[in-house]
Amino acid sequence: MPDSGYPWPISTTRLDNGLRVVVSEDRTAPAVAVNLWYDVGSRHEPAGQTGFAHLFEHLMFEGSVNVAKTEHMKLVQGAGGSLNATTNPDRTNYFETVPAEHLELALWLEADRMGGLVPALTQETLDNQRDVVKNERRQRYENVPYGDAWLRLLPLLYPPGHPYHHATIGSMADLNAADLATFQAFHQTYYVPNNAVLTVVGDTTVDEVVTLAEKYFGAIEPRPDIPPAPDGRTVPATGVPAVETVVTDVPAPRVYVAHRTYPFGTPGYDVVTVLATVLGSGRGSRLYQRLADGERIAQPDLVGAYGVDLAHAPAPLIATATARPGVSGERLAEGLAEVVDELAIVPVTPTELDRAKALLTTAWWRQMSTVDGRADALSRYATQFGDPATVAQRLPAWQAVTADQIAEAAAEVLAADDRVTLTYRPEEQP
């Protein structure tokens, strides 16, 4: 497999109703991945409607005009396929991987819930899934140690009114307050063909996919007045560090250090991606070498750094560490900040750079090695950058990053006077 580029064919067709259909043929196995990206996530949610995009991730499995409740999942799994959905601030995606002979079934199911969810949506279904989301919030965010870190970091990174200020899980107050008609209107606004990309990768042809897409999606009406998402690309630097300490029931102090960097897909974020790998990926990273193996103030398996790939605002770089027994949160925060600060003044070595690029190359080709991984990537680049073929630019961009660029980026976006530090501290034991 080559080190860069995208060695499979890519075809894009736009139906009359605006649906973009991306096809990448791969005959190596008799399977197809169907991936549908809607350009709606938590950044699109108006005031008072937080959590709507994520709730629809649940509602879209609860029946539509021609598919009874829970039948979507049963039909796909009964055909030997797998399926799921995810929501983030930028988008919602629905995806299935099925034997190639069941491609038509998967496309019919996706079309039916795009065009036929609202007539089938009942108050009972809405109330039931609201309860499911509440339970998810308790299980994932509220009732696990450090679980609400993302809920706390976002408001510290992005000011009130910014589209990334709130998390995808949303506000339970907003979800409870909205009535059935409000949810129906939200679906009719965003879950429309001209706000979606349908990608199919695998054992099929362009003609087959486009013919089936026309058959099942072609009659769904577009919406000409989709509201634009608020512009979040500018976040004024405050010049004042944001610091929050949470005293709660956690087993050990943990620190998160976060910075706003550049939007995903820009040259600056490509540099940050390599920087984050140098900083916090694995045992060869600077954080591990310094805090876990050197000073021994951080637990070895609980130290790292990563970027969050947000495409429409300065995306966060987050470094985190959990203290060893006897180490205070203050000492850990000091050590974490020191390692982050040194990125601007201690040059990245050729060995560090080669290691980071090797890790990123492996991760990239691991995703590209599956039809579902490729389908998701093509949907992403079509939705966020207008052309699925630009997927081929990402790996070469990482491979071209230099040590000087990392130092320059660190000096520009990792300044201590614009840093977010979130510390969890255990409650005092009697």
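Trainee: Which residues of helix H7 are buried?
Mentor: This is a predicted model, so keep that in mind. In H7, residues 180-190, the buried ones are Leu180, Phe183, Phe186, His187, Thr189 and Tyr190.

Trainee: Which residues have the most contacts inside the largest nonpolar core?
Mentor: Tyr38, Phe183, Tyr191, Leu198, Phe217 and Leu287. That core has 136 residues. Its largest share comes from H9, with 8 residues.

Trainee: Take Tyr38. What is Tyr38 in contact with?
Mentor: Skip the neighbours within four places in sequence. Then Tyr38 is in contact with Met60, Arg91, Thr92, Tyr94, Met114, Tyr190, Tyr191, Val192, Asn195 and Ala196.

Trainee: New topic. How many cavities of 30 Å³ or more are there?
Mentor: The count comes to 1. About 40 Å³ of space lies in the largest cavity.

Trainee: What lines the largest cavity?
Mentor: Met60, Phe61, Glu62, Gly63, Ser64, Val67, His72, Leu109, Asp112 and Arg113. Met60 also turned up as a contact of Tyr38.

Trainee: Which helix gives the most to the lining of the largest cavity?
Mentor: H3, residues 103-120, with 3 residues. By type, the lining divides into 4 nonpolar, 3 polar and 3 charged.

Trainee: What about pockets? What volume does the largest pocket have?
Mentor: About 550 Å³. It has 27 lining residues. Closest to the centre are Phe264, Thr273, Asp309, Leu360 and Trp398.

Trainee: Which residues of H12 are buried?
Mentor: Glu352, Leu353, Ala356, Lys357, Leu360, Thr361, Trp364, Trp365 and Met368. Leu360 is one of the residues closest to the pocket centre. The buried residues of H12 pack against H9, H10 (286-294), H13, H14 and H15 (403-413).

Trainee: On to H13. Is Tyr381 buried or exposed?
Mentor: Buried. Tyr381 lies in H13, and its relative accessible area is 3%. The cut-off for buried is under 20%, so Tyr381 passes.

Trainee: What does Tyr381 touch?
Mentor: Leave out the neighbours within four places in sequence again. Its contacts are Phe264, Gly386, Asp387, Pro388, Thr390, Val391 and Arg394. His312 is 69 residues away in sequence, and 13 Å away C-alpha to C-alpha.

Trainee: And Gln384, buried or exposed?
Mentor: Buried, at 13% relative accessibility. Gln384 also lies in H13. Beyond four places in sequence, Gln384 is in contact with Trp37, Asp90, Phe264 and Ala311. Phe264 is a contact of Tyr381 too.

Trainee: Now the loops. Which loop holds Tyr146?
Mentor: The one between H4 and H5 (149-157). Tyr146 has a phi near 65°, a positive value in a residue other than glycine. Tyr146 counts as buried, at 10% relative accessibility.

Trainee: Last one. Where is Asp418?
Mentor: In the loop between H15 and S11 (420-426). Not counting residues up to four places away in sequence, Asp418 touches Ala237, Thr238, Gly239, His259 and Arg260. Asp418 and Leu317 are 101 residues apart in sequence and 12 Å apart in space, C-alpha to C-alpha.

How values were computed. Residues numbered from 1 in each chain as written. Predicted model: local features only at pLDDT ≥ 70, side-chain atom pairs only at ≥ 80, totals over all residues. Heavy atoms only, no water. 1 Å grid on protein atoms, 1.4 Å probe; cavity = no way out; pocket = protein on both sides within 12 Å on 5 of 7 lines; lining within 4 Å. Points joined across faces, edges and corners; volume = space filled by probe spheres on them. Core = buried A, V, L, I, M, F, W, Y, C linked by side-chain atoms within 4.5 Å. Buried < 20%, exposed > 50% of the residue type's maximum accessible area, 1.4 Å probe, protein only. Helix = DSSP H or I, 4+ residues; strand = E, 2+ residues; numbered from the N terminus. Contact = heavy atoms within 4.5 Å. Nonpolar A, V, L, I, M, F, W, Y, C, P; charged D, E, K, R; others polar.
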